Amino acid sequence: MSKIPKPVIRRLAVYLRCLSELEEKGIKLVSSKQLASMLHIKDSQVRKDLSYFGNLGHRGIGYDVKGLARKLREVLGLYKIWSVIILGAGNIGRALANHRRLEQNNFKVKAVFDIDKRKIGKQIAPGLIVKNVDELEHFVRQNGVDIAVLAVPADVANELANRLEISGVKGIICFAPTTLSCKIPVEYVDITVFFKTLAHTIVNSSYNI
């Protein structure tokens, strides 16, 4: 299989969400045109994206919803439960710890860490008590953590990322406004990027005439 562009991978995750909705409604078949209309993109884009993984559909019939969803879960690595920890028990950390759809999509939050003594020992979500960041390495090694979320200030993010890498964490979701120096995969989340992108779209939209 050729290397899949990251924008395609991101769209696969959205296709899977749509397919899950169709499964819940008991719909067995879906066309590329129907999938495209759910996402407001061209059906040719859907077919091109899915063609990376072989001939998954049938001309004139469409895609088997359950089979395609199963294939996308396999491609996205959702055939296993991913162990997740959160560093930072602030607003973002608290929201993620209580985000039910994470576990529904095979991402299990195992622990939340913070340096603030006022937060340590407090329950942040059902079954999750905030731990002292001093326990980080021991917990990662004992529990085989796959993914860490950095919801911390930029000035401490790199140090924590290096500690996570050395401890064996496989990847990081970074909410801190900085670029990490670690070698493991990182996905950066900056909400202001979406605002700026939308502002650009509005300014250059025909609706703004």
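Q: Where is Pro5 found?
A: Pro5 sits in the segment before H1. Keep in mind that this is a predicted model.

Q: How does Pro5 count by accessibility, buried or exposed or in between?
A: Pro5 counts as partly exposed, because its relative accessibility is 33%, and that class runs between the 20% and 50% cut-offs.

Q: How far apart are Pro5 and Asp49 in space?
A: Their C-alpha atoms are 9.5 Å apart. In sequence, Pro5 and Asp49 are 44 residues apart.

Q: Switching to the inside. How many residues are in the largest nonpolar core?
A: That core has 35 residues. Leu19, Leu50, Leu72, Val112 and Ile124 have the most contacts inside it.

Q: Which helix gives the most to this core?
A: Helix H1, residues 6-24, with seven residues.

Q: And what does Leu50 touch, leaving out residues up to four places away in sequence?
A: Leu50 touches Leu12, Tyr15, Leu56, Tyr63, Leu68 and Leu72.

Q: New topic. Where is Asp116?
A: Asp116 is in the loop between strand E5 (107-114) and strand E6 (123-125).

Q: Is Asp116 buried or exposed, and why?
A: Buried, because its relative accessibility is 19%, and the cut-off is under 20%.

Q: Which backbone nitrogen lies 2.9 Å from a polar atom of the Asp116 side chain?
A: The backbone nitrogen of Arg118.

How values were computed
Residues numbered from 1 in each chain as written. Predicted model: local features only at pLDDT ≥ 70, side-chain atom pairs only at ≥ 80, totals over all residues. Heavy atoms only, no water. Core = buried A, V, L, I, M, F, W, Y, C linked by side-chain atoms within 4.5 Å. Buried < 20%, exposed > 50% of the residue type's maximum accessible area, 1.4 Å probe, protein only. Helix = DSSP H or I, 4+ residues; strand = E, 2+ residues; numbered from the N terminus. Contact = heavy atoms within 4.5 Å. Polar contact = N/O pair within 3.5 Å; in protein donor to acceptor, adjacent residues only side chain to side chain.
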